[in-house]
Amino acid sequence: MKKYRFKGILQNEGWIENATISVDDAGLISSISSESQNVEQVAGYALPGFQNAHSHAFQYAMAGIAERHQAGKEADDFWSWREAMYQLALTMSPDDLEAVATMLYAEMARHGYTQVAEFHYLHHDIDGKPYANLAEHGERLVSAAQKAGIKITLVPMFYQRGGFGLDPQPRQRRFISKTIEDYDKLLTASKQATSHYSGANLGYGVHSLRAATPDDFVRLLEEKRTIPFHIHIAEQLKEIEDSISYLKKRPVQWLLDNVNIDDNCHLVHATHLIEEEIKGIANSGANVVLCPSTEGNLGDGIFPLKQFQSLGGKWSIGTDSHIGLNPLEELRILDYGQRLTSHNRNTFTDKNENDSGTYAIKQSQITGRKAMGNTNIKYFAVGQPFDAVVYDANTALLAACSIDNLLSTIVYASDSTWVLGTMVDGKWVVKDQNHSQKEKITLKFKETIQKLKVR
Ligand SMILES: [Zn+2]
């Protein structure tokens with residue numbers, strides 16, 4: 001049993017000041033009280049740990065190195081970036097993947113994420129043959145999360161086709177499941193991989209509409225599963241054009257017309273939508289996962305958030321290619337994109353909430369948890385795991401802040417040095433900016449990157 005007394009903890013209804021959270025040996029909250037005896041004093045404000053609803057861990061190895069643009073070349077866009085990403089994907093061994101993912105997840109923890117949904121499609125060996133353990137890489141990702149001390153929802157992807165009507169290309173050979181039966185075997189092995197760590201669970205999905213035949217796509221979705229479903233959709237304009245030419249419909253329109261999309265579905269990006277599609281997603285109860293730093297970096301476009309949320313649409317955030325790892329930066333880029341295009345400031349509000357910081361935390365937390373298969377909506381409650389990010393109450397702006405303005409000050413005016421620490425299952429994983437395993441993890445990461453020669 002451990003007791004932490006915070007300057008404040010955030011609850012759905014607002015802050016509780018000078019609150020003590022007791023945690024049992026399993027990391028679950030056993031009480032929330034005002035007791036002050038035998039407690040660890042924490043000079044900070046605790047928010048529920050952030051949920052990173054979209055990650056491709058291997059891409060962290062190339063974060064920030066695709067920014068040299070050839071002179072005279074008209075467009076350096078998503079598709080040229082993707083070629084560089086494919087090259088990286090072809091080089092990594094299971095050990096390499098584990099080293100890169102461990103570093104990434106440790107950095108996520110340092111920024112306040114306590115769980116990640118790993119949208120995983122790098123399944124096979126360098127020649128494209130399945131590993132003896134079909135979920136070799138899935139197991140390495142779970143192990144990376146365990147070493148870094150964060151929780152993981154492993155989401156192995158069905159990736160069958162090279163594009164609309166196209167066979168898989170040789171450079172996609174590590175991703176491919178030929179049939180749903182092959183994919184089911186991969187899912188079963190992945191389920192086994194998650195059983196080695198109590199902080200791991202499983203989702204499923206299809207890489208994108210272009211990555212499966214329409215028939216198999218429908219079949220996979222018809223076999224009702226109770227775990228979260230993830231898919232990339234409508235990220236790039238070319239993808240919309242290709243979908244119209246092959247399926248005779250825009251991607252989201254095709255989804256809405258052909259499969260039963262519901263609250264269990266997490267549509268990643270959904271950048272390019274027309275009005276019927278915005279309404280269709282909101283009415284279906286499906287969620288969108290927005291990755292603003294990556295979407296900005298890749299020049300994807302701006303999601304029509306204001307219209308979507310006016311219809312009750314639900315969203316979470318993810319860091320995708322990991323060009324940015326600060327959850328508050330994701331929220332700010334998302335909001336500022338809306339402000340810049342609408343010329344309004346109240347873009348993060350709805351009829352029930354007029355404080356933008358409160359609204360942003362509520363959406364990203366509750367929908368983010370759902371993307372992990374976690375339907376708890378209480379920020380901190382007895383019986384739930386104690387996963388939290390703690391912001392330093394002694395930073396000048398917070399020390400001088402009224403309780404009413406605390407949350408938006410953190411959301412809009414903080415930088416990552418404000419993170420006093422991150423706790424998972426009631427234990428400090430990061431304290432005073434230092435991950436408990438930082439040196440070991442960083443050394444292994446550096447050795448791996450030197451060997452891969454990607455940076
Ligand atoms: Zn992605």
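This is a predicted model: local features need pLDDT of at least 70, side-chain atom pairs count only at pLDDT 80 or more; totals for chains, interfaces and linings use all residues.
1. The zinc ion. Four residues coordinate the zinc ion, namely His54, His56 and His232, each through NE2, and Asp320 through OD, at 2.0 to 2.5 Å. Along the chain these donors follow the spacing H-x1-H-x175-H-x87-D. Within this set, His54 in strand β5 (residues 50-55) and His232 in strand β10 (residues 229-233) are 178 residues apart, and the pair links distant parts of the chain. Both His54 and His232 are buried.

2. Geometry of the site. The angles among the four donor atoms of the zinc ion run from 84 to 173°, and the site is classed as irregular.

3. The open sheet. Eight strands form an open sheet of mixed pairing, and their order is β3-β2-β1-β4-β14-β15-β16-β17. The edges are held by β3 (29-33) and β17 (434-435), each of which has a single partner strand, so one side of each is left without a neighbour in the sheet.

4. Strand β1 (residues 2-11) pairs with strand β4 (residues 40-48) in the parallel sense, over five bridges. For a reader who wishes to locate this pairing in the structure, Ile9 has Ala46 in β4 as its bridge partner.

5. Which cysteine sulfur is nearest to that of Cys265, and how far away is it? A search of the whole structure finds zero disulfides. Cys265 is accordingly in no disulfide, and the nearest cysteine sulfur, that of Cys291, is 17 Å away. Cys265 counts as buried because its relative accessibility is 2%, and the cut-off for that term is under 20%.

6. Thr341 in its helix. Is Thr341 buried or exposed? Thr341 lies in helix α11, which covers residues 327-342, and the residue counts as exposed because its relative accessible area is 52%, where the term requires over 50%.

Conventions. Residues are numbered from 1 along each chain as its sequence is written. Side-chain values use heavy atoms; hydrogens and water are left out. Helices (H or I, at least four residues) and strands (E, at least two) are DSSP runs, numbered from the N terminus. Buried means under 20% relative accessible area, exposed over 50%, partly exposed in between (1.4 Å probe, protein chains only). Donors are N, O and S atoms within 2.8 Å of the metal (3.2 Å for Na, K and Ca); water is not among the atoms, so sites may look incomplete. Four donors count as tetrahedral if all angles lie between 85 and 135 degrees; four count as square planar and six as octahedral if opposite donors are over 155 degrees apart and all others between 65 and 115; anything else is irregular. Two strands pair if DSSP finds at least two bridges between them. A disulfide is a pair of cysteine sulfur atoms within 2.5 Å.
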